[in-house]
Amino acid sequence: FFSHWRESGAQLSPSPEKKRWLRPRIAAHGHRRATMVPPWVNELLDETAVAELKLLGANMLGCLVLFALLSFLRIGDKSWYLTLYSSAATSIVGVIFFRSVMVDGLEASIMNENDLSRFIALFFIGYCIMDLLLGSVYYEGAINYTDGWIHHFLYVAICGVLLYRKMTGLFAVALVEELPIIILSVFEVQNKRKPSFLFGFLYFVTRCMFHLVIIYAAAPYSKLIFATGIVLLRWHLVTFHTWVRGYLMRSGMEQRRVPLNIKLVLFLSLVALQGTAHAFLAASRVKVLREVGESRAALVHILTCGYFLYELFMIVQDVYTQNFIMSAIAKKKIIYNISWEDPAIDHRVLKCNSDDVVLTISSAGCNVLDYVLEGPKKVIAVDMNGAQLALLELKLATIRTCSYEEFFKLFGESDYSTFTAVYKSKLRQHLTPESAEFWDANGSIIRNNLMFAGASGLMARLLQPVVVLTGAKKLMERAAETGERAPASLVNNPFFGFFCALVKAPSLWSWLAPLGGVPLEQLNLLAERPELFAERLVEVLTTRMWPNEHFKNNYFYYGYVVGKFSKNCCPRYLEEKHFETLRKRVDIVKPFHGTWAEGAETLAPGEVTVASLLDSMDWMPEAMVGENIGRLVGCMKRDKARIFWRSFAPEVHSAVLTHLRDKSGCQPILVPDYDRVGWYLSQYWTTLDPAYDPQKLLCKGTGAMMANSFGDDVAVMAKMGTYGLQGFLGAKPDVRAFYRSQGTRYDGFREALLPDRDVFNQYVMPWVFAPKTWISVGCGTARDIEFVIEHVQSTDTRVYLVDLSDALLDMAKERVAKLGLGKQVVCIEGDINTEEVVSQLPKGGADFVTCSYCLTMIPPWQQALETMVRLTKPGGYMGLIDFTTKEAGGAWQALYKWWFANDGVFFNREQVKWLHSNNQLEVVWYKEAEGRVPYTFLTPTHYTFCAKKK
C-alpha cells in the first residue's frame, strides 16, 4: 500500500520558502548533504488525495483484521489490542524521527515532512476511528468520554490539520511520546500490573518534558499547533499527577521497593525540572516576540507559563497533603507528640465511674492516662498508627518501673540521659515486641526533644522563629507563674500582629494542616464558613493559650512555646500528686492496634459503656462513619452508653451522627464548654435511644453500578434537547413519551447527573429506627430501592412507589421483581397531588416519605410538599434530595436555572425555605453540595434534607 501510494503521485518537491528556511539550519548543524532532506509539499494533487484516502482505508482494514485475529486467539484484554498495535508502530516511527532530531536538530526535524510522516499521521487517524468503532461494539465500557471519544476526536483533528498544513514532521517527531504507552499496553493486554516506576518516569520524560520542548519549537510556525499542544500538556500533567499520587501511596505497602523519601526527592526533582524548563522556554519565546513588537502574544506566553507553574505548585501541594499523614502511619512515624483534645471536657460531660469500660483513641497517650485517673474499670486505647501505641506503651512502662522524677524528666522535659539510663534496664522488657523494635530504632525522638517530634512537633519547631521574634517563651513562662493574661507587649508586637493576620489566610491552612495532623478531608469541613475558624485561631493566640477566666494555665500551648512542660503547667497525668494513682491503675489500660470499631469488637458484647472518639470521624466519608458507628454501638451496653466526639465543623457534619438520639429523642447535645485547645468548632455527646438499631448501618445495597456508554448518553441528551426545543417553540412536551423513549438508558445517564442518592437513601434517612412503611414520591425506575435492598428486607418494610410515568413504573416493576420484593412493594401510577393516588396510600401515614430529584419537576411543588407532610405519620421522617440554587444567587445560578428549565427541571430556592419554615417538621439534617453535570463544566447545587414530623 505504501509503495502504491508513492507511485500514485505523492512524491513531492520542496517549496522555495521552505528551502530558504531550511538551508541555514542545515548548515548550522554541519549537514553536508542537502539532498538527504525529505521533499516538502507544495500542492496536493487530486490523485494524491485519493491515494491517501485509500491508504487510510487500508490502515483501518488492517486494524480490523488484527483485532479479529487476536480476538479469535483470545489473547488477553481485547480493549488494548489496537492500542498496542498503534503504540508499537508509532513508537518505531517516533524513534526514527528522534534520530533525525539528534542529527539535524529539533526545528529542522519538525518541519521535515516526508512520505513516512504523512503515512503515520494517516495511520493514527485510522487507529482512532477503528478504536472508537470497534470499542462501541466489543468493549464499550473501556471507551470513556475523556480518554476515549474526546482524546481520539482531538487527535483526528490534530492529524488532519497537520496533513493540511504540511507539518506532519512535527507529529512524527512527537510520536516518541508513545513509548510509555507500549509498556502500558503490553501489560494491560496480559492483565498484568504495569511496572509503575518505569511507566511514570518515561511518561514524564516524553509526554511532559519532551512535549514541552516540541510545542515551543513549533510555536513560531503555528499558533494553533502551539495552543493545541498546550491543551495536551495540561492533559499529560493531570495523568502524571495521578501516577505520582498512586506511586507514592504504595510506599507503605511495598517493603521491597523504593523508599518513600527517595520517591519524594525524585518527584520534587521532576516537578522542579518541568517548571524550570517551562520558565526558560517561555522567557526565550517572550524575548523574541518583544523584539518583533508582538507584546500581546508575549503576554499570552507569560500568562500561560504562570498558569502551568501554578499547576505544578498545586500538584506538589496535593501530593503533600494527601501523603503526609498516611505515609507517616504506614512508616510507623509519630504524628502527635501530645494529645490535642482537652480531657477536662470529656470528664465534665461523661462522668466516668468504676463501672465504665472506656474506649478511646490513643494518640500520644495523654488523654488515655487522664481517663485512668477517673477510675474506670478498663480503658481500651486504640490507634491505627503503631508508633502512637509505642509512645503510650513507653509511658505505661515508665509508670510501672520508674520514679516520678524519672517519669517527669522523660515525658515532661524529654531528658535523653534519663531515657538511656532506664530504657534497656527497666522499660524495654515491659514493651511489646513491636514497640520495643520502634524505640530501639527511634530513641532520637527523645534526644531531639519529644515536644518537637512528630508532625505536630515539626509545626511547633517551624514556629520557633515567631516565638523568638515576639519573646513569647519568656512571657509564657512568666504567665504560668503569675497567672498573667496575654501581655500587651505581645499583642502589640508587630511580628505577632503579622503572624495573626497570616494564620487567618485559608490558603495557608492546607500547608499547615498536615503538620498539625489534620487531614485535608477534615480541613474541607471549614470550606463553607472559613471565617469562623480564622476568628478562632486569632482568639486562641490572643486569649485561649494564656491564663484567663476559664483556667489558670494552658499546658497545650505552653509545651510548644517553651519546648517542655513545667511542674506547675503540664498535663494532669504528669502531676506528682497523681503518680501513685496511675501506678495502681496502670494495668487497666489495654492498647489495641486497629480502628475503634475493631477494638470494641474484641470485648464482650455490651461491655463498652463510654466511647470517646476524638475528631476521628471528621475525615471519614459517610459510609465509613456508618460502618464504624454500627459496629461500635452494637458492642455497647445500651442503657449505659455515652458517645463523645469533636469536630472542625460548626455543626454535626454526618447524617449518621445526627441520628444518634438519646432516650428522650433529642439529637446529639452540643457541648458549650470552653476548652483549652480551641481548634474544634463543635463538641458533642449523646446517649442512645433504645429503639436505635445499629445493624441497619451495616446493611448494604445491591452494589449495582449504572453506567452508560457515550453513545447511550448522546441518545439521552439528544432526547433532552428535543424535549427542551419543543418547550422553547411553544409546543407542550409529552412527559410520558419523553421517559418512555429513554428506556434502559434512563438510569445510566442519571446515575452521574443526580449525585448522592446512595448516601441519601442509606444514611440521611434513619433506617436505624426500622421503618415499616415507605412512600417514594416520583420513584422513577425504583433505583432508590437498590441502595437499601437489605434495609427493606431486614425490616420487612412495605414500600409504595408513586410516579406519573407508566413507562418508568413498568421499569420499576421489572426491577422490583428481579429483587424479589414483589410482595412488599406496591406501584401506583398517578399524580401525588390527587386524592385518587392518596387514597391508595397508608391511611395513618408512613414512617418514611421520600422524594428523590422529583420536586423540581412538579409545577405545583408547594401542594406536593403539603401532601408529603400529610402522608408522613407523626414521629415519621420526610426526606428529599434535589437541586436548588445557592442562597447568594448570581450569574452562575441563573445559568443553571435556565439550563435545567429546558429539561423541565425548575430550580427554586423557595422550596428549601418552605421545608425549613414548616412548623410541622423538625429539621434533622440539611446539607448542600455541588456535583458536575456530565460532559459539561456546570456544577449545580443539590441538597439532602431529612425532617421528623412532630
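**Aromatic rings and their neighbours**

In this predicted model, the charged end of Lys567 sits over the ring of Phe408, 5.7 Å from its centre, and Arg447 lies over the face of Tyr416, at 5.7 Å from the ring centre; a charge sits over a ring if NZ of Lys or CZ of Arg is within 6 Å of the ring centre and within 35 degrees of the ring normal. Residues are numbered from 1 along each chain as its sequence is written, and side-chain values use heavy atoms, with hydrogens and water left out. Local features need pLDDT of at least 70 and side-chain atom pairs count only at pLDDT 80 or more, whereas totals for chains, interfaces and linings use all residues.

The structure holds 48 aromatic pairs, where rings of Phe, Tyr and Trp (its six-membered ring) pair if their centres lie within 6.5 Å, with planes under 30 degrees apart counted as stacked, over 60 as edge-to-face and the rest as tilted. The rings of Phe98 and Phe210 are edge-to-face because their planes stand at 70°, with the centres 5.6 Å apart. Phe98 lies in helix H4 (residues 81-104) and Phe210 in helix H10 (residues 196-218), so this pair ties together parts that are 112 residues apart in sequence; helices are DSSP runs (H or I, at least four residues), numbered from the N terminus. Phe98 is partly exposed at 30% relative accessible area, while Phe210 counts as buried at 13% (buried means under 20%, exposed over 50%, partly exposed in between, with a 1.4 Å probe and protein chains only).

Ring pairs also link Trp340, Tyr555, Phe556, Tyr557, Tyr560, Phe565 and Trp679 into a cluster.

Note on methods:
Helices (H or I, at least four residues) and strands (E, at least two) are DSSP runs, numbered from the N terminus.
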